[in-house]
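Please find below a colleague's note on the structure under review. The points are numbered so that each can be taken up separately.

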Amino acid sequence: MKRRDALRLGGVAALAGTAGPALVSCSGSGGDSDVGNKGKKLAPWPTYVEFDGPKPDLPGDGKTGLQGAYTKYPKKVESAGWDTPGDGTEVTCSVVTYGVPPKGGDSFVKAVNKALGINLKLKLIPSGEFQETMSTMTTSDDLPDLMMFGSGVTVPREQEFIKAKCADMSEYLSGDNIKDYPGLANIPTYAWKGVGRIGGKIYGIPSERPIFGGSLMVNRTEFDKANVPLKWNKDDYVAAMKHLTKGKKYALGLAKDAQIDYWTGSLGAPNVWSVDGGKFTTTFDTDQYADAIKLLAKQFADKQVYPDSPNISNVDNKTYFSNTTLASYRDGWGAMGPWAFDQAKGDFTVDFAYPFSADATPWTGTGYFGYTVFKKAKAKRLKLLLAVCNFLAAPFGTKEYELFNFGVEGKHFTREDDGTPKPTKLWNTSENKTNYPVPYVASAPTVLFYPGYADRTEAVYEWEKELVKSVVHDPSVGIRSKTQTEKGADLSKSIQDAYFGVIFHGKSMSTFSDAVKEWHSKGGDDMAKELAEEYSASKD
Amino acid sequence: MSANRPAWMGKPSPLVKAVKAVALVVVVAVVLFPFWTIVATSIASPQEVVDNGGWVVIPTSLSFHAYTDVFEGGVITHALLISGGITAVGTLLSLVATVFLAYALSRPSIVGGKPVLLAILFTFLFPPAMIPAFLVVQELGLKEDYLSLILPVLVNTFNLVVMRGFFQNVPSELIEAARLDGAGDFRILTRVVMPLSKAVIAVIGLFYAVSYWNSFFTAILYMRSDQWPVQAVLRQYVTQGAALSNTSEVTVVNSPQSTKMAVVVMATIPIIVLYPFVQRFFAKGVLTGAIKSLGKRSQP
């Protein structure tokens with residue numbers, strides 16, 4: 001091959017390379033880009049009907065997000081009393097997975113399928129490849145019956161795809177219609193609102209999660225030794241951080257992927273956005289947000305923060321916290337539980353820290369982890385799929401919940417003397433809901449129950465009870481902005497890079513201010529405008 | 001140092017020898033240390049791993065629980081068999097296709113050789129994007145078929161060009177002599193060219209094998225989860241904790257670090273075992289692209 005031929009070929013390739021992505025971007029399915037609620041008739045939110053099951057020892061409140069807490073397992077566990085939903089047909093569903101695939105002949109898989117009366121085929125998509133795989137799958141016409149979206153990932157043109165290719169479920173789910181599906185009606189309204197409407201309609205069933213956002217996990221044993229009060233103020237916080245740093249032990253662990261919502265909320269910054277007179281303003285412009293960055297930067301400079309924090313991921317912090325290298329670190333609500341308690345070296349007490357200010361505005365999360373949508377189908381088929389989802393959402397304290405969350409008695413769990421399911425080795429190592437993540441298709445709302453740790457259950461309940469009084473919601477949750485969908489992730493990253501620059505690399509606060517200015521000009525202002533319009537249009 | 005030898009061929013002094021030895025030991029240690037840490041962590045107890053911050057260099061007590069847990073589940077064994085099958089069949093088919101195509105394109109008299117070569121090189125400069133490739137696999141009915149992991153990557157352009165270059169350097173006199181003896185192209189390829197090209201075939205075979213063994217994304221995209229090869233399963237084991245970090249996720253049983261490292265060891269062993277068998281071909285194979293006339297000069 002001559003050099004000139006190679007150059008010609010390179011030129012053609014370059015041309016094709018430029019045109020290729022454009023063609024690919026055109027190949028996305030759905031052409032209906034009007035996914036907002038503006039000018040649309042809004043489907044009413046599903047009516048919340050609390051399931052009449054075993055009463056929690058400490059009452060919850062589905063409206064505020066306070067979870068019902070069980071200090072011990074319900075004595076009487078009965079069936080929800082619903083008919084087997086399936087008709088023996090195959091049902092396909094794509095879901096995210098954090099586990100390894102179940103092997104053929106898995107008895108948990110068989111038991112779930114038998115209970116549902118269907119042949120459930122899960123297309124498992126690893127979390128790391130979720131966005132690419134879903135982007136690819138949604139271009140094809142070969143779609144599964146049910147598709148899970150969410151898990152912290154936004155698929156390009158997600159709402160457009162759902163509106164074009166998925167069934168509008170409003171007639172089955174909105175208002176009192178949902179009462180035909182008592183498991184789904186037991187899902188609190190905040191979870192439905194978190195998922196939001198598309199073009200005024202309801203398309204997805206949420207996997208509810210507690211409303212509480214990130215918090216500070218603390219080694220309460222060490223904090224108590226240092227006489228740190230449970231309910232503290234900023235001075236207490238600063239003193240504790242100083243006191244708990246000694247030699248190779250550090251008061252706080254941060255990470256290259258850490259969020260700073262605990263500190264911004266403690267100091268009273270609004271949750272991402274605030275609305276005043278219909279106008280959206282960003283939290284990045286507030287003094288409280290800047291104060292949180294300055295506080296953490298000072299702590300890092302004073303060597304109270306684990307020194308390798310800029311290079312490690314938050315999963316490393318879990319390990320360093322468990323082996324007492326760290327006295328505290330920021331994590332999500334799900335980090336609390338038996339796993340953390342069992343890992344704690346020397347059985348120290350794992351606890352959530354309260355916000356450290358009387359003016360705190362604890363930030364909430366979205367109230368859901370993911371949501372499941374339905375491929376367009378005939379009404380009979382959609383009703384069957386809804387019945388399957390309803391069955392999977394059987395509440396805590398029912399036989400059905402026990403199956404989907406603990407497996408088959410005698411095989412996957414035995415019982416403690418008080419009736420609490422105790423997982424067998426088979427469940428812990430292979431046949432479980434992590435490897436066969438059926439709860440991501442649909443699931444019951446979470447409850448506060450840490451088997452074997454009644455004191456921790458009570459402590460977290462008290463923490464929740466206190467926080468729900470002052471939590472602040474992000475008004476952009478559940479509504480759409482075109483700019484946010486297209487540029488939101490990049491813009492957020494630029495802000496994160498800027499505050500990490502200040503915290504970890506000693507840059508001045510002016511660099512953060514410059515980043516915020518750029519954020520405004522590159523899309524932040526557009527987002528604010530679009531969200532304000534959509535917020536106004538989405539009011540019930 | 002001898003006066004009639006160039007400086008770099010002189011006998012090194014004991015000091016230089018010692019420095020070289022130390023340098024080599026350091027380099028080997030830097031390479032082996034991560035491997036050793038992975039093995040050591042896999043045989044340490046989960047509590048010791050946590051106490052040491054996630055990694056153990058010298059375990060105080062040996063525990064093979066991680067390995068028994070991995071094998072008891074049966075998932076890894078199944079995935080290893082799938083990976084072995086894909087690697088064996090894929091490498092064989094890729095080598096056959098590459099050898100045949102490279103031989104054809106190395107013959108100066110082949111009709112249409114140049115356009116075909118240009119078309120192949122085009123795919124090198126402009127590989128297919130993920131979505132078009134997915135749609136083609138789907139339209140061909142290859143989804144959930146192991147062939148979808150092999151056919152789209154059957155011929156690697158770089159490997160083809162290297163092999164074609166090697167074949168072009170086989171002395172034309174040998175090929176002409178075989179032709180005069182009545183051999184056709186197939187016989188010339190299998191009886192003359194391939195025996196003289198063992199080195200390049202072995203090296204490219206290894207490239208293909210490693211590539212098939214390490215591949216995981218296409219399997220996730222095209223296959224059912226019970227058809228995943230070991231690298232896809234391995235990735236799940238290793239990344240599950242990181243994926244959950246910062247989330248409010250509650251439904252997940254996270255595997256201990258020792259189990260993750262045991263899976264890493266299991267997934268690495270087959271390639272480590274394979275390497276020594278083809279290592280002796282490496283020097284010649286690597287030189288193939290560097291010295292164009294190597295083939296001619298090396299012939300008697």
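The points that follow concern a predicted model and go from the sheets of chain A to the helices of chain B.

1. The five-stranded sheet of chain A. Five strands of chain A make up an open sheet of mixed pairing, in the order β2-β1-β3-β10-β4. Its edges are formed by β2 (119-126) and β4 (205-208) of chain A, each of which pairs on one side only. On average, neighbouring strands in this sheet are turned by 25° against each other, direction ignored. Helix α14 (residues 379-392) of chain A packs on the sheet and touches β1, β3, β4 and β10 of chain A. The direction of α14 makes about 155° with that of β10(A).

2. The pairing of β3(A). Strand β1 (residues 90-97) of chain A pairs with β3(A) in the parallel sense, over two bridges. Here A:S94 stands opposite A:M147 of β3(A). With strand β10 (residues 368-374) of chain A, β3(A) pairs in the antiparallel sense over five bridges. Within that pairing, A:G150 has A:G370 of β10(A) as its bridge partner, and A:L146 has A:F374, also in β10(A).

3. The three-stranded sheet of chain A. A further open sheet is formed by three strands in the order β8-β5-β9 of chain A, with antiparallel pairing. The edge strands are β8 (328-331) and β9 (350-352) of chain A, each pairing on one side only. Neighbouring strands here are turned by 30° against each other on average, direction ignored. Strand β5 (residues 215-219) of chain A and β9(A) run antiparallel and are joined by three bridges. In this pairing, A:F352 of β9(A) is the bridge partner of A:M217.

4. The nonpolar cores. Which residues have the most contacts inside the largest nonpolar core? They are A:I293, A:V388, A:C389 and A:V441, in a core of 132 residues. If residues up to four places away in sequence are not counted, A:C389 touches A:L184, A:I205, A:T372, A:V441 and A:A442. Another core, of 52 residues, lies apart from the largest one and has B:V75, B:A102, B:F134 and B:W213 among its members. In soluble globular proteins, nonpolar side chains tend to be buried together.

5. The setting of A:A115. Residue A:A115 belongs to helix α2 (residues 107-116) of chain A. With 19 other C-beta atoms within 10 Å, A:A115 is partly exposed; a residue counts as buried at 20 or more. Leaving aside neighbours within four places in sequence, A:A115 is in contact with A:E400 and A:L403. Between A:A115 and A:G278 there are 163 residues in sequence and 49 Å in space, C-alpha to C-alpha.

6. Chain B as a whole. The secondary structure of chain B consists of 15 helices and zero strands. Of the 300 residues in chain B, 32% are buried. Among its contacts between residues at least 6 apart in sequence, 70% join residues at least 24 apart.

7. Helix α9 of chain B. Helix α9 (residues 185-196) of chain B has twelve residues and reaches 15 Å from its first C-alpha to its last, close to the 16 Å expected at 1.5 Å a residue. Which residues of α9(B) are buried? They are B:I188, B:L189 and B:V193. These residues cover an arc of only 95° around the axis, which puts them on the same side of α9(B). An α-helix has 3.6 residues a turn, so residues three or four places apart point the same way. The buried residues of α9(B) are covered by elements including α4 (75-106), α7 (157-168) and α8 (172-180) of chain B. On the face turned away from the buried side, α9(B) carries the exposed residues B:F186, B:R191 and B:P195.

Notes:
Residues are numbered from 1 along each chain as its sequence is written. Chains are lettered from A and ligands numbered from 1 in the order in which they are written. This is a predicted model: local features need pLDDT of at least 70, side-chain atom pairs count only at pLDDT 80 or more; totals for chains, interfaces and linings use all residues. Helices (H or I, at least four residues) and strands (E, at least two) are DSSP runs, numbered from the N terminus. The expected span of a helix is 1.5 Å times one less than its number of residues. A residue is buried if 20 or more other C-beta atoms lie within 10 Å of its own, exposed if 12 or fewer, and partly exposed in between; C-beta atoms are placed from the backbone. The arc is that of the directions from the helix axis to the C-beta atoms. Two residues are in contact if their C-beta atoms, placed from the backbone, lie within 7 Å. Two strands pair if DSSP finds at least two bridges between them. Axes are lines fitted to C-alpha atoms, for helices over the stretch in contact, and angles run from 0 to 180 degrees between N-to-C directions. A nonpolar core is a set of buried Ala, Val, Leu, Ile, Met, Phe, Trp, Tyr and Cys residues joined through C-beta atoms within 7 Å.
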